[in-house]
Amino acid sequence: MKIAQIQSRVYNDKKKNAEQLKLYLEKIKSERPDLVMLGEMFNCPYETKQFPLYAEEEGGETWKMLSHLAKEYGIYLAAGSVPEISEGKIYNTAYVFDRNGKQIAKHRKAHLFDIQVEGGQHFKESEILTAGDKCTVFSTEFGKIGLCICFDFRFPELARMMVLRGAKMILVPAAFNMTTGPAHWDVMFRGRAVDNQCFVAGTSSARDTGASYVAWGHTLLVSPWGDVIEEMEGEEGYIIHDVDLKEADSIRRQLPLLSARRTDIYQSENGAEF
């Protein structure tokens with residue numbers, strides 16, 4: 001499977017962001033990617049006040065554009081995430097479309113990014129967003145793939161659940177910032193890949209020092225052995241790599257971490273499983 005990860009700049013113009021995506025897809029089509037992945041809030045500035053202004057219902061203009069592009073280019077399109085409005089509530093939502101433009105997965109960010117780092121970043125998604133409540137895994141011709149959004153990946157339980165449901169790769173559209181990025185980006189992605197013996201693809205927007213929220217960038221792809229296959233810096237661009245999801249099976253046979261789990265002892269004092 002050939003995966004392309006696009007680290008694009010996010011403009012204050014939804015149509016410009018859409019046009020930029022089309023230019024990237026045209027640019028990389030000769031490399032014939034099977035799956036193309038975008039970053040978190042790829043079409044909307046990462047500011048809580050902007051989310052209601054950019055939000056659309058499932059099936060809206062952006063959704064239709066993404067579905068059309070997936071079909072036009074014959075790709076699986078893991079379309080980062082976008083603000084979604086449903087029944088008056090706003091979600092940070094990731095859609096996935098198959099080669100025919102059919103939606104095959106949808107994940108609403110379940111762990112909202114509410115942080116206050118002393119001397120660093122302050123952000124509170126819950127002021128505007130509603131949390132999702134699902135673990136998301138979808139099927140492709142190459143195998144099963146998990147999907148979560150940025151802060152979701154901080155929680156190892158969710159990554160493990162995706163793997164127990166068959167995921168050989170986890171896609172994480174994300175927007176770490178200049179405080180959390182240098183501190184945790186690499187170590188977290190490598191750690192989740194090692195613990196779950198799966199590929200992990202983290203895709204960010206490009207760094208824009210003029211934005212109110214400055215993304216770390218550093219889109220990366222990690223192997224089931226924990227090796228960083230490639231990692232970008234903060235610039236706009238993309239990376240493309242061939243991966244064989246069967247490598248996850250091979251690693252799991254050689255180092256049987258998942259099959260050797262002791263679920264009989266992973267319990268709290270009151271008997272609840274961790």
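Good morning, colleagues. Please keep in mind that the model is predicted.

Six strands form an open sheet with mixed pairing, and their order is 9-10-11-12-13-14. Strand 9, residues 136–140, and strand 14, residues 228–231, are the edge strands, each pairing on one side only. From one strand to the next, the twist averages 15 degrees.

A hairpin of two residues connects strand 9 to strand 10. These strands run antiparallel and are joined by five bridges, with strand 10 covering residues 143–147. Within this pair, valine 137 stands opposite glycine 146. On to the next pair: strand 10 and strand 11 are parallel, with four bridges, and here isoleucine 145 stands opposite methionine 169. Strand 10, helix 4 (residues 156–164) and strand 11 together make a right-handed β-α-β unit.

Leucine 221 has glutamate 230 of strand 14 as its bridge partner.

I turn now to helix 5. Helix 5, residues 180–196, lies across strands 11, 12, 13 and 14, and runs at about 150 degrees to strand 12. Its 17 residues reach 22 Å from the first C-alpha to the last, close to the expected 24 Å. Which residues of helix 5 are buried? They are Thr180, Gly181, Trp185, Met188, Phe189, Arg192, Ala193 and Asn196. In general, an α-helix has 3.6 residues a turn, so residues three or four places apart point the same way. Directly after helix 5 comes glutamine 197, with a positive phi near 50 degrees.

That brings me to the backbone angles. Most residues other than glycine have a negative phi. Arginine 32, although not a glycine, has a positive phi of about 50 degrees; arginine 32 sits in the loop between helix 1 (14–28) and strand 2 (35–37). Cysteine 150 is also not a glycine, and its phi is positive at about 40 degrees. Cysteine 150 belongs to the loop between strand 10 and helix 4.

Are these two residues buried or exposed? Arginine 32 has 69% relative accessibility and therefore counts as exposed. Cysteine 150, by contrast, has a relative accessible area of 4%, so cysteine 150 is buried.

Thank you for your attention.

Notes. Residues numbered from 1 in each chain as written. Predicted model: local features only at pLDDT ≥ 70, side-chain atom pairs only at ≥ 80, totals over all residues. Heavy atoms only, no water. Pairing = 2+ DSSP bridges. Axes fitted to C-alpha atoms, helices over the stretch in contact; angles between N-to-C directions. Contact = heavy atoms within 4.5 Å. Expected span 1.5 Å × (residues − 1). Buried < 20%, exposed > 50% of the residue type's maximum accessible area, 1.4 Å probe, protein only. Right-handed = clockwise from strand over helix to strand, strands pointing away.
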